[in-house]
Amino acid sequence: MDQISSDTPAATDVEVTLTVNGSAERLRLDARVTLLDALRDELDLTGTKKGCDQGACGACTVLVDGRRVLSCLMLAAQCEGREVTTIEGLASDGELHPVQEAFVRHDALQCGYCTPGQIMSAVALLAEGRAGSDAEIREFMSGNLCRCGAYPNIVAAIGEVAGR
């Protein structure tokens with residue numbers, strides 16, 4: 001019986017170039033691989049967390065072309081020609097992003113598991129101009145769950161960065 005070499009592409013493999021945190025990476029992936037799995041398993045960017053793997057918790061939130069997406073629900077192949085930003089791409093020249101700094105100051109990270117997704121969602125929320133009030137922040141952050149209950153601190157951190 002003939003064996004198929006592991007180097008032989010499967011019928012569902014696709015070549016995709018992902019631009020992640022400003023760096024282009026050419027990958028051969030099964031067409032069904034999610035962006036989350038490509039980030040974690042292929043690019044070793046483990047800051048993006050796998051929570052529910054069903055789009056319900058927000059732990060896997062990243063930015064694609066500046067908009068927040070649930071990376072567990074997006075195929076990696078859908079990101080061809082698009083800019084993906086993960087938590088690892090927020091800091092610049094060794095300096096934390098203002099949202100990261102505010103999360104630290106307000107102790108908005110507790111266990112830390114949801115923190116990358118919370119921060120990525122907060123960055124997008126601020127860019128969208130949706131941090132006018134605590135109620136607005138709560139509404140637009142409602143897709144990001146925190147099992148530790150750090151919500152008041154998360155809201156305070158985002159409010160600080162929004163200049164309130």
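**Close-up views of a predicted model**

View 1. Cys146 counts as buried because its relative accessibility is 9%, and buried means under 20%. The residue lies in the loop that runs between helix H4 (134–140) and helix H5 (151–161). Leaving aside residues up to four places away in sequence, Cys146 touches Cys114, Gln118, Tyr151 and Ile154. Gly81, by contrast, is 65 residues from Cys146 in sequence, and the two C-alpha atoms are 32 Å apart in space.

View 2. Ser121 belongs to helix H3, which spans residues 115–127. With a relative accessibility of 1%, Ser121 counts as buried. Its side chain is joined to that of Arg68 by a polar contact of 2.7 Å. Besides Arg68, the residues touched by Ser121 include Thr61, Phe140, Met141 and Asn144, when residues up to four places away in sequence are not counted.

**View 3. Strand S3 and its two partners.** Strand S3 (61–64) is covered on both faces: Thr61 and Leu63 are buried on one side, and Val62 and Val64 are buried on the other. Strands S3 and S4 (residues 67–70) run antiparallel and are joined by 4 bridges. Within this pairing, Val62 has Val69 of S4 as its bridge partner. The hairpin of S3 and S4 has 2 residues between the strands, and Asp65 in this hairpin takes a positive phi near 55°. S3 also pairs with S5, again in the antiparallel sense, over 2 bridges. Here Leu63 stands opposite Thr85 of S5.

**View 4. Helix H1 and the strands that cover it.** Helix H1 comprises residues 35–42, and its buried residues are Leu35, Leu36, Ala38 and Leu39. The cover over these buried residues includes strand S1 (13–20), strand S2 (23–30), strand S3 and strand S5. Just after H1 comes Asp44, which takes a positive phi of about 55°.

View 5. Leu96, Val104 and Leu109 make a nonpolar surface patch of about 240 Å². Of these residues, Leu96 is found in the loop between strand S5 (83–85) and helix H2 (98–105). Leu96 counts as partly exposed because its relative accessibility is 41%, and the partly exposed class lies between the limits of 20% for buried and 50% for exposed.

Definitions and conventions. Residues are numbered from 1 along each chain as its sequence is written. This is a predicted model: local features need pLDDT of at least 70, side-chain atom pairs count only at pLDDT 80 or more; totals for chains, interfaces and linings use all residues. Side-chain values use heavy atoms; hydrogens and water are left out. Patches are made of residues with over 30% relative accessible area and no salt bridge: like charges are joined within 9 Å, nonpolar side chains (Val, Leu, Ile, Met, Phe, Trp, Tyr) within 5 Å. Accessible areas come from the Shrake-Rupley method with a 1.4 Å probe; for residues, only the protein chains shown count as cover. A salt bridge is a side-chain nitrogen of Lys or Arg within 4 Å of a carboxyl oxygen of Asp or Glu. Buried means under 20% relative accessible area, exposed over 50%, partly exposed in between (1.4 Å probe, protein chains only). Contact means heavy atoms within 4.5 Å. A polar contact is a pair of N or O atoms within 3.5 Å; within protein, one must be able to donate a hydrogen and the other to accept it, and residues adjacent in sequence count only if both atoms are side-chain atoms. Two strands pair if DSSP finds at least two bridges between them.
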